[in-house]
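Thanks for asking me to look this one over.

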Amino acid sequence: MFVVRNLLAVKIFRISSMRQLGEISVKMNGVASSPGSNVIKCNDKKAIRQAANLLECGQVIALPTDTVYGLACSANNPEAIQRLYAIKGRAETKPVAICVAEYDDLRHWGQADHLPDALLQQLLPGPVTIVVHKSVHLDNPFLNPGIVKIGIRIPDFEFIRQVSRNFRDGPVALTSANKSSEPSTLNVREFEKLWPILGSVFDGGQLGLIEEQRAASTVIDLSEKGWYKIIRKGVAAEHTARVVQRFGFVERD
């Protein structure tokens, strides 16, 4: 019944139009942002603290990762997660990952005691999302409702890691900065239509010049000791498979 109630609550929050999203922006910020007014360069000295403050206020922001641009919010804030899903236009049955800065954070928010430090160090930081069972600390009912696992990233991109370190309210929920079913983005202009409904857009410049980078991170399920499954090939599937195989993990069909 707990899961059913949570799923119903998520469905109630569905937002079907950009007009409604604009109303959310007005409620959050006082006025809807005009195009370009909320774009901040990542090399601005205040950018990291500004990003962390916005996350602490429950806002959704865009920022660069080591693969594509992402939409981020507080993973343990129910209202923020609902906004993230609404802006993305994403079905609540499709899970989002979380982003952390350090290996200890990964072990705190996910059940990863069966993963050796050496294995994690060969994959992270990097373009890999590791799926494990959620820990008891991830208690937001709107974060992947009804799903017992969580994908965890430590991107090899200093800006987002510093934002994660400065964010004091837990992990950061992370998904690609595009509407669902649309291509992922390598520069901020590619998701310009989302700017007015975001707390801020942190511009790290062009992230890559080849289309293959849009494949985003490789997603691998390592939730069971000794077994692995590639859920999404992404940009690092071969390397990721070689690493886990060296540690005795066997691919699950």
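1. In this predicted model, the largest pocket is lined by 33 residues. Those nearest its centre are Arg90, Pro95, Ala97, Val219 and Arg232. The space inside comes to about 630 Å³. By residue type, the lining of the largest pocket divides into 14 nonpolar, eleven polar and eight charged residues.

2. Which elements give two or more residues to that lining? They are β3 (69-74), β6 (128-134), β7 (149-153), β8 (172-176), β10 (218-221) and β11 (227-232). Of these, β7 gives the most to the lining, with four residues.

3. Strand β10 deserves a visit of its own. Thr218 and Ile220 point one way from β10, while Val219 and Asp221 point the other way. All of these residues are buried. In a regular strand, side chains alternate between the two faces of the sheet. Val219 also belongs to the group of lining residues nearest the centre of the largest pocket.

4. Now for the partners of β10. On one hand, β6 and β10 run parallel and are joined by four bridges; within this pairing, valine 128 has threonine 218 as its bridge partner. On the other hand, β10 and β11 run antiparallel, with three bridges between them, and aspartate 221 stands opposite lysine 229 in β11. The hairpin of β10 and β11 has five residues between the strands, and glycine 226 takes a positive phi there, near 85 degrees.

5. Is threonine 240 buried or exposed? Threonine 240 has a relative accessible area of 0%, so it counts as buried. This residue lies in helix α8 (residues 237-246). Setting aside neighbours within four places in sequence, threonine 240 is in contact with Leu123, Val128, Thr218 and Ile220. Two of those names, Thr218 and Ile220, are the residues that point one way from β10, and Val128 is the bridge partner of Thr218.

6. On to the charged pairs. The count comes to 14 salt bridges. One of them joins lysine 41 to aspartate 203, with the closest N and O atoms 3.2 Å apart. Because lysine 41 lies in strand β1 (residues 39-41) and aspartate 203 in strand β9 (residues 200-203), this pair ties together parts that are 162 residues apart in sequence. Aspartate 203 is buried, with a relative accessible area of 13%.

7. Arginine 165 and glutamate 102 meet in a salt bridge at 2.7 Å, N to O. The pair links distant parts of the chain, 63 residues apart: arginine 165 is in helix α7 (residues 158-166), and glutamate 102 is in the loop between β4 (97-99) and α5 (103-109). Both ends are partly exposed: the relative accessible area is 36% for arginine 165 and 30% for glutamate 102. The two also belong to a network of salt bridges that links Glu102, Glu158, Arg161 and Arg165.

8. While you are at helix α7, have a look at its buried residues, which are Phe159, Ile160, Arg161, Val163 and Ser164. The buried residues of α7 pack against α3 (47-56), β2 (61-64), β4, β8 and β9.

9. Glutamate 190 is partly exposed, with a relative accessible area of 36%.

10. Finally, some backbone details to check. The peptide bond from leucine 124 to proline 125 is cis, with omega near -5 degrees; proline 125 lies in the loop between α6 (117-123) and β6. Where does asparagine 144 sit? Asparagine 144 is in the loop between β6 and β7, and it has a positive phi near 55 degrees without being a glycine. With 0% relative accessibility, asparagine 144 counts as buried. Alanine 216, in the loop between β9 and β10, also has a positive phi, of about 65 degrees. Alanine 216 is buried, with a relative accessible area of 9%.

Terms used
Residues are numbered from 1 along each chain as its sequence is written. This is a predicted model: local features need pLDDT of at least 70, side-chain atom pairs count only at pLDDT 80 or more; totals for chains, interfaces and linings use all residues. Side-chain values use heavy atoms; hydrogens and water are left out. On a 1 Å grid over the protein atoms alone, a cavity is a set of points where a 1.4 Å probe fits but cannot get out, and a pocket is an open set with protein on both sides within 12 Å along at least five of seven lines; lining residues have an atom within 4 Å of a point. Grid points are joined across faces, edges and corners, and a volume is the space filled by probe spheres set on the points. Ala, Val, Leu, Ile, Met, Phe, Trp, Tyr, Cys and Pro count as nonpolar, Asp, Glu, Lys and Arg as charged, and the others, Gly among them, as polar. Buried means under 20% relative accessible area, exposed over 50%, partly exposed in between (1.4 Å probe, protein chains only). Contact means heavy atoms within 4.5 Å. Two strands pair if DSSP finds at least two bridges between them. A salt bridge is a side-chain nitrogen of Lys or Arg within 4 Å of a carboxyl oxygen of Asp or Glu.
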